[in-house]
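Dear colleague,

Please find below the structure that I am handing over to you. My notes on it follow directly after.

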Amino acid sequence: MANKVETTQAIEIPAEIPVRELAERLSLSPVQLLKALIANGIMASINESIDFETAAIVASDLGFELALEGAADREAAVAAEVAEFEAEQLVVPSGPVEPGIAWFLADEDEASLEVRSPVVTMMGHVDHGKTSLLDSLRNTNVTATESGGITQHIGAYTTMRNDRRITFIDTPGHEAFTAMRARGAQATDIAVIVVAADDGMMPTTREAIDHARAAGVRIVVAVNKMDLPDANPERIYEQFASIGIVPDSWGGDTFFVKTSASTGEGLEELLDAILYVAEENPPLANPNRTARGTVLEGKIDPSRGVIATLLVQSGVLKRGDIVVVGSDHGRARAMFDYTGAPLVTAGPSTPVEIMGLNEVPTAGTKFEVVEKPKAAKSLAAVNATMLQDSQKSARAVPVTLEELFARAAAGESKALNLIVKSDMQGTLQPVVESLETLSGEVRVEILHADTGDITESDINLAAASDAVVIGFRSSPDSPARRAATAQQVEIREYDVIYKLSEDVELMLEGMLDPVFEDRTLGRAEVRALFTVPKTGKIAGCSVVEGVIRRNAKARVLRGDEVMADSVITSLKRFKDDAREVREGFECGIGIEGFKLFKEGDVIECLVRERVR
Ligand code: GDP
């Protein structure tokens, strides 16, 4: 390139920089820079700002190296903090040491542990009554003088039943639960699966059950809306029994409680069932130490500043304690219970709200109290470096199918965890069976199997459980693809069953490290261009060969030139969304991050496959 400049030293720029200013710093004309941006698919105007990462990519195309302003100073400061911290020989809370042992107990002496009250999350299909049950349960032991019930201030509450306490996390849904788990948090002891008696088990109910099972938490089933005339609990029992969750009334080991959030039926029984399950396998904590736990929620209150809802899981949190939350630390200047009443101390399983942090913490972040301000700074610095590493990739290395298989075969892990998605019920069964033939050599644990696209929830479950996602004629949607990249989750896509069986056989033979190649599934030719509101530029195409599939990888070719290497984000037949379109048919195709179609462009739809 004519304007390539050999730089020996990186040029420092801020985290965000206007295009014009970047051009000046690189001694380029703004037009040169804009061209390079367009070549990378970025349409920015000269006065618009771009972020450091974008700037670095474009600059490197032009032969420049960029560095973030002040990065060296920050690194040195962190290194100094780490050194100081190590000198003090503090124990850094790590992730779970062994599966099944919560991180906040990992380094505790067994003799120091005592029973704490259970923490419960509600899961299930939308509209089956999770929120209504949480609301009704909160008010079960409210006396008449508190008419109107307790106004809840934070995302969790506690309730009493026969002098025993139960904590409910008030963010219903398994998505939040698994997203927290993917960050290493284990806040829940028992999951209440809510299912409406008039509606029955739905795909989300199945998903919630699988998420709860994968986390190893005990399940209690609330058969809700019993007040409705078409409530049919027997049908619910059958549906659950068919997936191995057998009601106690049928001789199984899972409590099914008939409830109505509307009439209050069964609410006390539900609390009893929860307490009974907790008693069978008591949750533990060391109450005689400084507090440790998990952030449930973080927000900014216009008048009070940063507010964090914390779940104390071990130890006692006291007002005035120095709390380290991720890379932030602060003093719990004020502390409140879920009703908003001020608190001085809070023991295990207590949700509290604190003021005094500097940054809004993310749900699922662990917190830890330290005694000395200096230790807080050091611990926060160590967490910051760990966080930076983990932002590059959630895990040090991606967990691949081969690696999981090898680990399981070598006895290093107990099972090969898989999540299976396929295009339809008819293919799901053979795929699951084919994978189950691996069992014997290793224990194959299918955490979740369902039809439909691979979703972000599947990726979160995989990340939280060290699993690989198998897609059979099913691809990840855009949020899932992004999540998979960020969390380093492997997605293996298959289009024909014998390829999958072949992979399985090869793994059984111990042939690892396979080679992958993109195979063309189909080709479409761009015939016309049009703009669709919200979706953007769409190419009106004719499928000239094979099949085009939504969410599949795709390349846009103009002659020999590859214009884009991306993903099909939208696929339409007339006005309707289509999963796939076959040869001889017309369709509209949208490609992620690419809009500059021209008539005559060819869109190739690809599938990544292992080659012998
Ligand atoms: P969620 O989406 O699972 O949190 O469900 P909600 O708690 O928001 O409830 C959905 C709808 O079902 C609301 O209109 C509730 O009033 C209603 N609902 C919830 N529980 C019951 C119940 O036990 N009986 C009846 N009849 N309606 C209920």
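In the side chain of Asp227, an N or O atom lies 2.7 Å from a nitrogen atom of the ligand, where a polar contact is a pair of N or O atoms within 3.5 Å. On its own, the ligand has 580 Å² of accessible area, of which the protein covers 70% (Shrake-Rupley method, 1.4 Å probe).

This is a predicted model, in which local features need pLDDT of at least 70 and side-chain atom pairs count only at pLDDT 80 or more, while totals for chains, interfaces and linings use all residues. Residues are numbered from 1 along each chain as its sequence is written, and side-chain values use heavy atoms, with hydrogens and water left out.

The shell around the ligand holds 15 residues, and Asp127, Thr131, Ser132, Asp227 and Ala261 are the closest (a residue counts if one of its heavy atoms lies within 4 Å). By type, the shell comprises three nonpolar, eight polar and four charged residues; Asp, Glu, Lys and Arg count as charged, Ala, Val, Leu, Ile, Met, Phe, Trp, Tyr, Cys and Pro as nonpolar, and the others, Gly among them, as polar. Helix α5 (residues 130–138) contributes the most, with three residues (helices are DSSP runs of H or I, at least four residues, numbered from the N terminus).

Yours sincerely

Terms used: Polar contact = N/O pair within 3.5 Å; in protein donor to acceptor, adjacent residues only side chain to side chain. Helix = DSSP H or I, 4+ residues; strand = E, 2+ residues; numbered from the N terminus.
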